Amino acid sequence: MELEAIRYSRGCLQILNQLLLPHQSLYEEIGSVNQGGEAIRAMKVRGAPAIAIVGCLSLAVELYAKGNVEQTVSNLEKFVLDSLCYLVSARPTAVNMARAAQDLGHFVCQEAKREGTTAESLRESVISWAEAMLDKDLKDNRSIGEHGACHLLQQVGQGNVTVLTHCNTGSLATAGYGTALGVIRSLHTMGRLERVYCTETRPYNQGARLTAYELVYEQIPATLITDSMAAVAMKEKKISAVFVGADRVVANGDTANKVGTYQLAIAAKHHGIPFYVAAPSTSCDLSLEHGGQIIIEERPSQELTDINGVRVAAPAIGVWNPAFDVTPHDLITGGIVTEFGVCAPAELQAVLTQAVKKV
Ligand code: MRU
């Protein structure tokens, strides 16, 4: 059975508390927007697509619980818009929640204006909108997996491939299957994956705690390395490609992802190894022209100075802890893999605009 970060049935949302992994698998009930926002802020759930899905489903379960008693169209509309505003503030770099808020916000305003809309029908349509995100993300991830794997295999020809990845982009970060880890999963299913190297991903250890857990769970041949071993692994371990996820890909292809991604892209270029970003279109933000415009979340210093609550850094040292960095588009040499296929960073804008026209 595939790992599930999010369990949902109408009126009931549970998330796997990722703070407790890999030692404990505990599902926690999320019954309201406040609980959803808190879980995202505390990183019980993380990963750009999962943040948006849990945020919107927390709204769906609260709306479901509220029922229709004493509801009007306008107070429901206001509740949805206020809730979305609150959810967007939880984590600023990943664009998925902001995009979902914009789309759902627009949808709710249109629906509220439509003749014949009742509080009951509005509530129902917002819940259905949020529920559709789960299926769409899973479907998109399977396409990303297929496109990314086929693209790499076409480049290498015969033989198996060895891939390096960073952070966690798997079932735990999405509705299921994963993005960069989805590509790795597809390569494994095709029988073409020799091995995956996953980085520890300091300071929060999403690689060591979560990706390593998923890879062992799925019985995918995998080796854990520290972030500082990546360049030497590229030199000595016959790495065929690097696949990472994204928190925000902007119009020119510059990509914000977990801190450490940028240095991997530089090292990959030095070694002539193709560097791919795998992300659904929901992680793309064409409203920003270049990566310098992306807001980078800074996290508490204890994530760097402490391990498991025990201080390892010298007392009183200053700390800088950006959670993400931006990889310039010219370092994304393999391509950007979305549910629509693989494209060069310079083609992204056209690919996405074309896809929107088709819908
Ligand atoms: O701080 P996190 O754990 O939310 O960061 C996650 C990442 O950077 C992932 O690579 C990204 O969100 C893509 S997840 C499919």
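Let's start with helix α2, residues 48-66, which lies across β1, β2 and β3 and runs at about 30° to β1. Helices here are DSSP runs of H or I with at least four residues, strands are runs of E with at least two, and both are numbered from the N terminus. Angles run from 0 to 180 degrees between N-to-C directions, with axes as lines fitted to C-alpha atoms, for helices over the stretch in contact.

A quick word on what we're looking at. This is a predicted model, where local features need pLDDT of at least 70 and side-chain atom pairs count only at pLDDT 80 or more, while totals for chains, interfaces and linings use all residues. Residues are numbered from 1 along each chain as its sequence is written, and side-chain values use heavy atoms, leaving out hydrogens and water.

Back to those strands. β1, β2 and β3 form an open antiparallel sheet in that order. Because β1 (6-9) and β3 (27-30) are at the edges with a single partner strand each, one side of each has no neighbour in the sheet. The twist from one strand to the next averages 25°. Strands count as paired if DSSP finds at least two bridges between them, and β2 (residues 12-16) is joined to β3 by 4 bridges. In one of these pairings, Ile15 has Glu28 of β3 as its bridge partner.

Now the whole chain. The domain assignment, which is automatic or from a database, gives domain 1 as 6-136 and domain 2 as 143-358. Their centres, taken over C-alpha atoms, are separated by 26 Å. Contact means heavy atoms within 4.5 Å, and 25 residues of domain 1 are in contact with 28 residues of domain 2.

Next, the other sheet. How many strands form the open sheet with mixed pairing? There are 7, in the order β6-β5-β4-β7-β10-β15-β16. Here β6 (222-225) and β16 (341-343) are the edge strands with a single partner each, so one side of each lacks a neighbour in the sheet. Ignoring direction, neighbouring strands are turned by 25° against each other on average.

Let's zoom in on β7. Strand β7 (residues 241-244) pairs in the parallel sense with β10 (residues 275-278) over 3 bridges. Val242 stands opposite Phe275, and Val244 opposite Val277. β4 also runs parallel to β7, joined by 3 bridges, with Val163 opposite Ala241. In a regular strand, side chains alternate between the two faces of the sheet. In β7, Ala241 and Phe243 point one way and Val242 and Val244 the other, and all are buried. Buried means under 20% relative accessible area, exposed over 50%, and partly exposed in between, with a 1.4 Å probe and protein chains only.

What covers this sheet? Helix α7 (residues 206-217) lies across β4, β5 and β6, at about 160° to β5. Helix α6 is mostly covered, with 8 of its 10 residues buried. Those buried residues pack against α5, β4, β5, α7, β7 and β10.

Finally, α6 also meets another helix. The axes of α5 (residues 119-156) and α6 (residues 180-189) come within 7 Å and cross at roughly 65°. Among the residues meeting there are Ile144 and Leu152 in α5, and Val183 and Leu187 in α6. After α6 comes Gly191, with a positive phi near 75°. Thanks, everyone!
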